[in-house]
Amino acid sequence: MPADTLPPIYDALLAAFGHRHWWPAETAFETMIGAILTQNVSWTNAARAIRNLEDAGMLDPHLLAGAGADEIARRIVPSRFYNQKAERVREFSRVYVAEFAADPAVMAAVETGTLRERLLAVRGLGKETVDSILLYACGKPVFVVDAYTRRIFSRYGLLPPDASYDRMQRLFMENLPPDAALFNDYHAQVVFLGNTVCKKSPLCDRCPIRAVNGQVRCAGALAHFFL
Ligand code: SF4
């Protein structure tokens with residue numbers, strides 16, 4: 001049962017890895033831009049692009065809203081797809097300035113569903129990006145899921161291997177209390193596990209969630225050991 005399994009999985013991850021302290025940003029706006037820049041690239045690449053913007057004195061919503069796309073693109077080359085992402089960063093910054101006064105508190109005061117719909121309407125912002133902004137920049141209890149979530153929890157037997165974003169998100173939101181702090185760290189733990197242990201070739205013998213509750217066991221681990 002997911003409701004019985006998801007909390008102990010989190011407890012085991014927390015015990016093994018410690019609190020992950022995501023999102024690694026100094027301001028809410030930096031988190032928002034990071035969520036856009038990390039689309040389809042590693043966080044390391046996105047972080048380099050953010051540092052470039054910061055070094056150029058451009059990590060500011062008003063400056064990015066008024067900048068030329070080519071000017072932004074030059075700074076964010078490490079994030080790949082930099083021309084597309086420059087447009088997205090500029091468009092998002094324009095909306096953030098015009099509709100939310102460039103103030104994360106103003107944005108966070110908007111009802112979650114309404115805010116999610118508005119951000120999804122910004123060209124190039126998908127569900128994972130928007131939900132990352134809602135959770136990590138606005139403190140909304142919205143669970144963020146990604147390819148690591150699909151890999152780990154399908155191996156675990158809690159999701160089909162081709163689960164959609166919405167299906168994955170429902171698994172967590174319907175079986176955990178709506179707690180932004182829990183959602184924040186749970187997603188970060190999943191990313192860390194996917195990066196370091198439950199990789200394409202899983203390292204099940206060192207996995208902290210191979211078994212939880214003394215009886216629930218990862219179906220993927222069993223398959224791996226008996227191959
Ligand atoms: S036990 Fe293996 S397959 Fe299961 S989550 Fe851990 S690493 Fe992944």
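So, the surface: the accessible surface of the protein comes to about 10800 Å², and 51% of that belongs to carbon and sulfur atoms. Those areas are Shrake-Rupley values with a 1.4 Å probe, and for residues only the protein chains shown count as cover. Keep in mind that this is a predicted model, where local features need pLDDT of at least 70, side-chain atom pairs count only at pLDDT 80 or more, and totals for chains, interfaces and linings use all residues. Residues are numbered from 1 along each chain as its sequence is written, and side-chain values use heavy atoms, with hydrogens and water left out.

Okay, burial. Of the 227 residues, 47% count as buried, meaning under 20% relative accessible area, with exposed being over 50% and partly exposed in between (1.4 Å probe, protein chains only).

On to the fold. We have 13 helices and 2 strands, taken as DSSP runs numbered from the N terminus: H or I with at least four residues for helices, E with at least two for strands. The radius of gyration is 19 Å, close to the 17 Å from the globule rule for 227 residues, so the protein is as compact as a globular protein of that length. That radius is taken over C-alpha atoms, and the rule is 2.2 Å times the number of residues to the power 0.38. The C-alpha trace spans about 55 × 35 × 30 Å along its principal axes.

Contacts next, meaning heavy atoms within 4.5 Å. Among contacts with a separation of 6 or more, 61% come from residues 24 or more positions apart.

Let me zoom in on arginine 118, in helix α8, residues 112–120. Arginine 118 is partly exposed, at 27% relative accessible area. Leaving out residues up to four places away in sequence, arginine 118 touches Val95, Glu99 and Phe100. Take valine 95: 23 residues from arginine 118 in sequence, and 9.5 Å away C-alpha to C-alpha.

Last thing, the inside. There's 1 cavity of 30 Å³ or more. By cavity I mean a set of points, on a 1 Å grid over the protein atoms alone, where a 1.4 Å probe fits but cannot get out; lining residues have an atom within 4 Å of a point. The largest cavity holds about 110 Å³, the volume being the space filled by probe spheres set on the points, which are joined across faces, edges and corners. Its lining has 15 residues, with Cys198, Pro202, Cys204, Cys207 and Cys218 nearest the centre. Helix α10 gives the largest share, 3 residues.

Notes
On a 1 Å grid over the protein atoms alone, a cavity is a set of points where a 1.4 Å probe fits but cannot get out, and a pocket is an open set with protein on both sides within 12 Å along at least five of seven lines; lining residues have an atom within 4 Å of a point.
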